[in-house]
Amino acid sequence: MKQRLPEEILVARREIVRVQVERFHLFYFDFFHRSETIEMAKFFFETVYNLDGKEEWETLAFQTYDKVKNMLKEGTRESIERLMELNSITDELDIQMAKLLLAKGWVFGNEINQDEYFRLFCELDQRDLRKKQLEVVLFNLKKFYELAHKPMSAYIIKPAAMMSKLLGVYPLFKKVEQGYYATLPVNQLLFDEFYALVQEKEWNFLFQAFPSLKEES
């Protein structure tokens, strides 16, 4: 099990998450306000980054999941593992950002703005890990959409939820279930528009921070 982080890092990480979610709302404003896509935007840009229940989620991921993963359906297992990978990368980056923020003299109660966040983002300079994070995000977007729109998924989502409760890993499965219901109402055309915008804006954000990544791609 991971050691609990010092309180000041936890608080600073919460501020990092807050300003990141704020950026997502600015970048994808339209999708947060379209009735068909509100839940999808909230899932990918709020729920996945939500720190509430994070300790329980990580405890299950590190202690319990390996014991029960072979009892889960392949699609369920893959979805959980993709979220665990994204969680691990994002957590590592957010903690590093939080430590850098504290080193700059940040004190609790001060909200940083987007320009300050971008400067921290650049200064931390984890370009390779950021690239990996974005690749996993884009992969997850497509896979969650595909999962939600497979005809079989409608028949297995409830039994899978029940099984995960019986196995004691429902907090892990819950995000998969939320992703399923969030993307289910979105048609292919609208999802493709959403995906293309995320791909464009997030890669541009990385290229703006680290121009060498564009030269390598």
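1. D125 counts as partly exposed, because its relative accessibility is 35%; the classes used here are buried for under 20% relative accessible area, exposed for over 50%, and partly exposed in between (1.4 Å probe, protein chains only).

2. A word on what you are looking at. This is a predicted model, in which local features need pLDDT of at least 70 and side-chain atom pairs count only at pLDDT 80 or more, while totals for chains, interfaces and linings use all residues. Residues are numbered from 1 along each chain as its sequence is written, and side-chain values use heavy atoms, with hydrogens and water left out.

3. The overall fold is quick to describe: eleven helices and zero strands. Along the sequence the pattern reads α-α-α-α-α-α-α-α-α-α-α. Helices (H or I, at least four residues) and strands (E, at least two) are DSSP runs, numbered from the N terminus. Of the 217 residues in the protein, 47% are buried.

4. Now to the empty space inside. Rolling a probe the size of a water molecule over the atoms shows where empty space is left. The search of the whole structure finds three cavities of 30 Å³ or more, and the largest cavity holds about 290 Å³ of space. A cavity here is a set of points, on a 1 Å grid over the protein atoms alone, where a 1.4 Å probe fits but cannot get out; lining residues have an atom within 4 Å of a point. Grid points are joined across faces, edges and corners, and a volume is the space filled by probe spheres set on the points.

5. Which residues lie nearest the centre of the largest cavity? They are F24, Y49, Q133, V137 and E202, out of 21 residues in the lining. Two or more lining residues come from each of α1 (7–27), α3 (38–47), α5 (74–103), α6 (114–124), α7 (127–148) and α10 (188–209). Helix α7 gives the most, with seven residues. By class, the lining has 15 nonpolar, three polar and three charged residues. In this count Ala, Val, Leu, Ile, Met, Phe, Trp, Tyr, Cys and Pro are nonpolar, Asp, Glu, Lys and Arg are charged, and the others, Gly among them, are polar.

6. On to charge pairs. Side chains of opposite charge can pair when their charged atoms come close. The whole structure has eleven salt bridges, each being a side-chain nitrogen of Lys or Arg within 4 Å of a carboxyl oxygen of Asp or Glu. One of them joins E22 to R18, with the closest N and O atoms 3.4 Å apart. Both residues lie in helix α1, four residues apart, about one turn of the helix. E22 is partly exposed at a relative accessible area of 31%, and R18 is partly exposed at 25%.

7. R18 has another partner: its side chain also meets that of E111 in a salt bridge (3.9 Å, N to O). Because R18 lies in helix α1 and E111 in the loop between α5 and α6, the pair ties together parts that are 93 residues apart in sequence. E111 counts as exposed, at 58% relative accessibility.

8. What does E123 form a salt bridge with? The partner is K104, and the closest N and O atoms are 2.7 Å apart. This pair links distant parts of the chain, with E123 in helix α6 and K104 in the loop between α5 and α6, 19 residues apart. E123 is partly exposed, with a relative accessible area of 44%. Elsewhere, salt bridges that share partners join E15, R18, E22 and E111 into one network.

9. R23, in helix α1, is buried because its relative accessible area is 6%. The C-alpha atoms of R23 and F45 are separated by 9.5 Å, and the two are 22 residues apart along the chain. Y180 is in helix α9 (residues 170–183) and counts as buried at 4% relative accessibility. Its C-alpha atom is separated by 9.7 Å from that of F43, 137 residues apart along the chain.

10. Finally, M163 is in helix α8 (residues 153–166) and counts as partly exposed at 36% relative accessibility.

Conventions. 1 Å grid on protein atoms, 1.4 Å probe; cavity = no way out; pocket = protein on both sides within 12 Å on 5 of 7 lines; lining within 4 Å.
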